[in-house]
Amino acid sequence: MNAPTSVGQPLRRVDGRAKVTGAARYASDLPLPGLAHAALATSRVARGRIVSIDAREAEAVPGVLGVFTHREFGGAVRPVGYVMGDGYVNSTFRPLDGPEIRYHGQIIGLAVAETQEAAEEAAALIRFTVDEAPAEPRMDLASEAPEPLAKLSAKHHDIALGDADAALARSNIGVDGRYSTPIQHHNPIELFSTACAWDGDRLTVHEASKYIDAVQHGLAAQLGLDPADVRVVCPFIGGHFGSKFGLSQHTAIVALAARRLGRPVSLVPSRRDCFTIANHRPETRHRVALAADADGRLRGLIHEAAMATSRFDDFAMEGTDVTAAVYACPAIRTREEVLRVDRNTPGPMRAPPEVPYVFALESAMDELATRLDLDPIELRRRNETRVRPEDGKPFSTHPLMRCFAVGAAAFGWDRRRPSPGSLRDGDWLVGLGCASTVRPVKTAPACVRVAVEADGSAVLETAHHEIGQGLYTILTQLAADGLGLAPERVTVRLGDTDFPPAAVSGGSSTTTGLAPAVEAACDAMRLALGRLAAAGAGPLAGADPATLRLGDGALTAPDGRSEPLAVLAAAAPGGRVAVLHEHLPEGMKPAMMENLKAGKTALGQPSALAWAFGAQFAEVRVHAVTGEIRVAKLLGAFAGGRILNPRLARDQLIGGMVGGLGSALLEATVADARTGAYVNRDLAEYHVPVSADVVEVEAILVEDDDPAANEAGVKGIGELGIIGVNAAVANAVFNATGDRHRDLPIRLGDRPR
């Protein structure tokens, strides 16, 4: 490879101007000729059966083109598997397939009209008579026995190391606490929009999706099409945080409506509908018990957890495999269970298992530090481990305590007073808290196409997704360095199934999969250009291609002979040189590449035990009279492997930290016990963090050179920033007030337990 000149630099977003000026087009922005507009009718009960439908008023609305229910579309959509179970859809329940109602907010009708307003009016006028049945929409109402996660997932195993229960019984120093996190919903700025247009038997879909290959292949299977006849386009996503995952439930019915009407149809659902037609973070319950000796070293750890899922999909995110590996401990027992409820299938939400599971562990660690009268950072230092306790496998790097050292110095941890309530600023009680953040590295196969054009510029194409993380910029930097070009001479094209296939943009795996793929593709391009040059009649005729180097828009030999890329590309067939590279990470089976090409989830982990680490710090102020909580400062120090662009890395980490603040103090979806309705499904009552909710946020990048993570040394940081923030805030509230909050979110007037 060439010496890096762009990678590692804080290059501004190459797509930034397009986004702020409106030139960037999203799924609902395209002015398709003859576009019609759709709106949804959704169920107002959690369980039941539709016994009659009256659509006459809806059909009489001026401008209405069609009203569709299960009477029109029943049986038209074929079943396909769940995206996290070797399938495609984010929920296998098919709306408009039959009269059964399985959850509140289920799609039971679709109205299409000339205008959005007419479609919404018509959807509201479809009359359904429903035979309602009793429902159990929440974990606390579930009557069925919980199912072991090991029964649902062949990959999961509960951990049993030593005798943790005996260690807990023997120890007189420990904690045994119960913790909970609520239902939470993604609320990206861009709604879950879909537009479908037919050209004969060929279907083009514009959908806000972070996995367009799953949309392509899944929709083809649902509608009986050849995947080659389905094109999905999504060059930009207006945020997802884990949603927009796989093929949406509504895509097929929008496509059917477009085919029935013979014109493009666009669905832009309401914010309220987005709470039920997409996935969500399910509520979780935890028991964490820690036993320690007098020096603060753990002797036993128990983590029992339960989460909710739907009745028709086996969604569950394994989390105790992470919490059981953070600290050294000779005796560990874990158990994870799932409870079925009458709601739509949950799904990933930024750092899916780590946010709730690490909250429980890191809160318990803070409680243990209090019991021991020990500084919380010192407790973590005494229990640092360089190997995974379960099997003794060494971590490739383990800079956790280095992150704590860097973060504590920058945060001013020495200001902390161990006695709660002893630090004040007038009527405000000031508290400082901390927590670890840890996340296993994940990766995926990747396919990229690199081309050098006749003018000497380069184009890189892959079906991957720009979700706001700066992927256009990162890939530009990688390709520029790999090809020896200035960044402005590189064009990156993303989000189109006509490009080489890509994995889901999730699990912080996008860059870990793409960075080594792009570097390898550029090296393959160097060799391809070298062979052309060596076989030609130019200055590099007869040169050894392996010795040639790219730089300054030319191919150069060790003796100084060179030939411009533009000359080589112009002389090639078609006036360009293109290389398609398929990259399979080390240790991943070839079947994973086949899964990638079939639009199926292909995430994996490196053969080495590679994790990203960090330390979170929070300063909170609690009003002594009103109990109001304000966050004065969040600071995180993060070791996430090789940093390709420090500006974008800090943006990602700060964004995650703000999301963690929401988890700690604000975000919770409330489900009505009888109807299953989410009673706060709008941004007026579902509270997300805004600028006024935190005074200062800082992310520090800690060096973490780890070639074992992958060939590019990248670990992924998209989810690292959110993990542990909720625990750090809760621990800071305790330090300010002496009140220990084990249930999230922490709100004014909440009683600790």
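Is Cys-447 buried or exposed? Cys-447 counts as buried, because its relative accessibility is 1%. Buried here means under 20% relative accessible area, exposed over 50%, and partly exposed in between, with a 1.4 Å probe and protein chains only.

Some housekeeping. This is a predicted model, where local features need pLDDT of at least 70, side-chain atom pairs count only at pLDDT 80 or more, and totals for chains, interfaces and linings use all residues. Residues are numbered from 1 along each chain as its sequence is written, and side-chain values use heavy atoms, with hydrogens and water left out.

Now the cysteines. The structure holds zero disulfides, a disulfide being a pair of cysteine sulfur atoms within 2.5 Å. Take Cys-234: the closest cysteine sulfur, in Cys-196, is 13 Å from its own, so the two are too far apart for a bond. Cys-447 is in no disulfide either, and the sulfur of Cys-522, the nearest, is 15 Å away. Cys-234 also counts as buried, at 3% relative accessibility.

Next, a helix pair. Helix α11, residues 354-372, packs with helix α19, residues 725-737, at an angle of about 30 degrees, and their axes are 8 Å apart. Helices are DSSP runs (H or I, at least four residues), numbered from the N terminus. Axes are lines fitted to C-alpha atoms over the stretch in contact, and angles run from 0 to 180 degrees between N-to-C directions. That angle makes α11 roughly parallel to α19, a label for angles under 35 degrees.

Who touches whom? Contact means heavy atoms within 4.5 Å. Among the residues making it are Phe-359 and Asp-366 of α11, and Ala-730 and Phe-734 of α19.

Note on methods
Helix = DSSP H or I, 4+ residues; strand = E, 2+ residues; numbered from the N terminus. Parallel < 35°, antiparallel > 145°, perpendicular 65-115°, else oblique.
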